[in-house]
Amino acid sequence: MFRFKHFVSWLALAAALTGVCGQAAATPLYHVDIDTASLGSGPAFLELYFLGLDGAPAATAIVSGLTGALDGAADLTGTVTGTAPGSFVFGNAGGGGDLVQAIQLGGRFGFDVSFTMLPGDIGTAFGWALFDTTHYLGADGDLGNLFLQPFAPAGEQILVAAPSTPVSTVTKVPEPSTAALMLVAMLAMMAWRGQGARRP
């Protein structure tokens, strides 16, 4: 009976840990890849922006792993902080933030982005674009957008409006599966059970 009670306790703990891990992974991570090989060479600009509509609940966009032929430091405007190669944190207060990074065309660029948001009825948009001194590159405007919808059900709060093109793709980074988390919990319980069996 004593061992059964401990087994039930461990099972409850494993279930609780699985639930916590699931909640922590609820906001997905997206990877954006930009291939400028078809756009020739020379200087251009990569723009990332986070735009909150009037009355939108507080939200942040965390951009990390910005890679590619970056040319100098990024120009930050509005509610955005950070430096490469570290993370940039955008807020949507006061209209949001804008990052313009000088680049050299001809290679690949990429970054990861994740979000936090409070509940509410009004959304916020994250977007990215390429341009030179005269016009947009790779598309007639933004290469892609991720729309935050805090009013949507869990799991549907990020609307991806970024069709895959030869220049830009966006992919959702897979989350750890619940099955894998349960496997870890079961292995921990088996190890505990083995220790109990070795007791005199």
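Student: How many aromatic pairs does the count come to?
Tutor: Eight aromatic pairs, where rings of Phe, Tyr and Trp (its six-membered ring) pair if their centres lie within 6.5 Å, with planes under 30 degrees apart stacked, over 60 edge-to-face and the rest tilted. Keep in mind that this is a predicted model: local features need pLDDT of at least 70, side-chain atom pairs count only at pLDDT 80 or more, and totals for chains, interfaces and linings use all residues. Residues are numbered from 1 along each chain as its sequence is written, and side-chain values use heavy atoms, leaving out hydrogens and water.
Student: What sort of pair do Phe115 and Phe126 form?
Tutor: Edge-to-face, 5.9 Å centre to centre with 70° between the planes. Phe115 sits in strand β8 and Phe126 in strand β9, so the pair ties together parts eleven residues apart in sequence; strands are DSSP runs of E, at least two residues, numbered from the N terminus.
Student: Switching topic: what does Phe126 contact beyond its sequence neighbours?
Tutor: Leaving aside neighbours within four places, its contacts (heavy atoms within 4.5 Å) include Leu48, Ala61, Val63, Gly144 and Leu146.
Student: How much of the chain is buried overall?
Tutor: 36% of its 200 residues.

Methods
Buried means under 20% relative accessible area, exposed over 50%, partly exposed in between (1.4 Å probe, protein chains only). Helices (H or I, at least four residues) and strands (E, at least two) are DSSP runs, numbered from the N terminus.
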